[in-house]
Amino acid sequence: MLAVVSFALLATGGGAWVGAAAFTGGLIVETLVVMWSRTPELRLEREDCEADKENVARFSAPLMLNVLLWWATPLIINAVLARTADPDPALAAFGVVEAMAWFIAAPVGQLQHASIALVECSETHRRVRGWGAIVAFSMMAVLLVLSLPAIREPVLGYVFALDADLVALAGAALPIAAAYPLLYAIRQYYQGLFVRSGRTGVVGAGAVLRVASLVAAALVVQNTGLTGAVLGVGLAVFGLTIEGAFLVRYSQREVMPELRASRAATVNPEAFEGVT
């Protein structure tokens, strides 16, 4: 629906309102489909109805903060790029790279749901994490291929109808954006582990740390001469790296001992008799 509205409105001359109208139209259609859907096979047991408002708020608030800060990240980067020497091409090139890189990196986003639903012990942790690594490195390979000059120039020129200068600005940032799939995979997978274990506060703390690191890095490099999409993508990669390292490190202390215990109990349940 979004694509249909976008191309239909191009006849009016375009503008930012075309994207806004198309996105709104697509969301309306998707919302109606979800509301009208029926899941007759879904049966909720009695224990699913015992959460009180306080527990729901305590669990949900860090996740709300996490999502808010995730969508705030491009706003912060755009605000930084808007203050550079040549903001218009920098913003345009960054938007193009983000659109292409996140589209290709998107498949690893499902790892959060996979770790929530499938990881029950250290063995399932190893298997799901291994599957995620295969997907992440595959997407990285695609982005690295697209970043080759002989490929990126015709692709960017055809898909986005860019002139040569913008193709050069966007193309220089594509090799850096190739890190998105791996960093995003780490973030999604370990966030799922913390959500599954009920430690949503760690998820919120990681998001705060990512944004704070990004802003600090922007203040440090603002006078170094870095501009354009390279600056924007570099800031995004830096923030994701800090957040991923925090989540992985914290999971070693909080989540992995539980997963190893679950694995040991499955292999030798007699050894855990009477242990709560």
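## Close-up views of a helical chain

**View 1. Helix H2 (16-36) is part of what covers the buried residues of helix H1.** This is a predicted model, in which local features need pLDDT of at least 70, side-chain atom pairs count only at pLDDT 80 or more, and totals for chains, interfaces and linings use all residues. Residues are numbered from 1 along each chain as its sequence is written, and side-chain values use heavy atoms, with hydrogens and water left out. Buried means under 20% relative accessible area, exposed means over 50%, and partly exposed lies in between (1.4 Å probe, protein chains only). Which residues of H1 (residues 2-9) are buried? They are Val5, Ser6 and Leu9. Looking down the axis of H1, these buried residues fall within an arc of 100 degrees, so they line one face of the helix. The arc is taken from the directions that run from the helix axis to the C-beta atoms. On the face turned away from the buried side, H1 carries the exposed residues Val4, Phe7 and Ala8.

**View 2. The whole chain is built from 12 helices and zero strands.** Helices (H or I, at least four residues) and strands (E, at least two) are DSSP runs, numbered from the N terminus. Follow the sequence along and you read α-α-α-α-α-α-α-α-α-α-α-α. The chain has 276 residues, and 37% of them count as buried. Contact means heavy atoms within 4.5 Å. Among contacts between residues at least 6 apart in sequence, 78% join residues at least 24 apart.

**View 3. The largest nonpolar core has 55 residues.** Such a core is a set of buried Ala, Val, Leu, Ile, Met, Phe, Trp, Tyr and Cys residues joined through side-chain atoms within 4.5 Å. Val97, Leu156, Tyr180 and Val233 are the residues with the most contacts inside this core. Several helices each supply at least two of its residues, including H3 (53-81), H4 (87-105), H6 (122-146) and H11 (228-254). What does Val233 touch, leaving aside its neighbours within four places in sequence? Val233 is in contact with Phe94, Val97, Glu98, Ala173, Ile176, Ala177 and Tyr180. In soluble globular proteins, nonpolar side chains tend to be buried together.

**View 4. Here we look into the largest pocket, with a volume of about 750 Å³.** On a 1 Å grid over the protein atoms alone, a pocket is an open set of points with protein on both sides within 12 Å along at least five of seven lines, whereas a cavity is a set of points where a 1.4 Å probe fits but cannot get out; lining residues have an atom within 4 Å of a point. Grid points are joined across faces, edges and corners, and the volume is the space filled by probe spheres set on the points. The lining has 27 residues, and Trp70, Trp71, Pro74, Trp102 and Tyr184 lie nearest the centre of the pocket. H3, H4, H9, H10 and H11 are the elements that give two or more residues to this lining. The largest share, 10 residues, comes from H3. By class, the lining has 16 nonpolar, eight polar and three charged residues. Here Ala, Val, Leu, Ile, Met, Phe, Trp, Tyr, Cys and Pro count as nonpolar, Asp, Glu, Lys and Arg as charged, and the others, Gly among them, as polar.

View 5. Leaving aside neighbours within four places in sequence, Ser115 is in contact with Val128, Gln188, Tyr189, Gly192, Leu193 and Arg196. Gly132, in helix H6, is buried with a relative accessible area of 5%. The C-alpha atoms of Gly132 and Tyr189 are 8.0 Å apart, while 57 residues separate the two along the chain.

**View 6. Ala161 sits in the loop between helix H7 (149-159) and H8.** Is Ala161 buried or exposed? Ala161 is exposed, at 65% relative accessible area. The phi angle of Ala161 is near 55 degrees, a positive value in a residue other than glycine. Ala164 lies in helix H8 and counts as exposed, at 63% relative accessibility.
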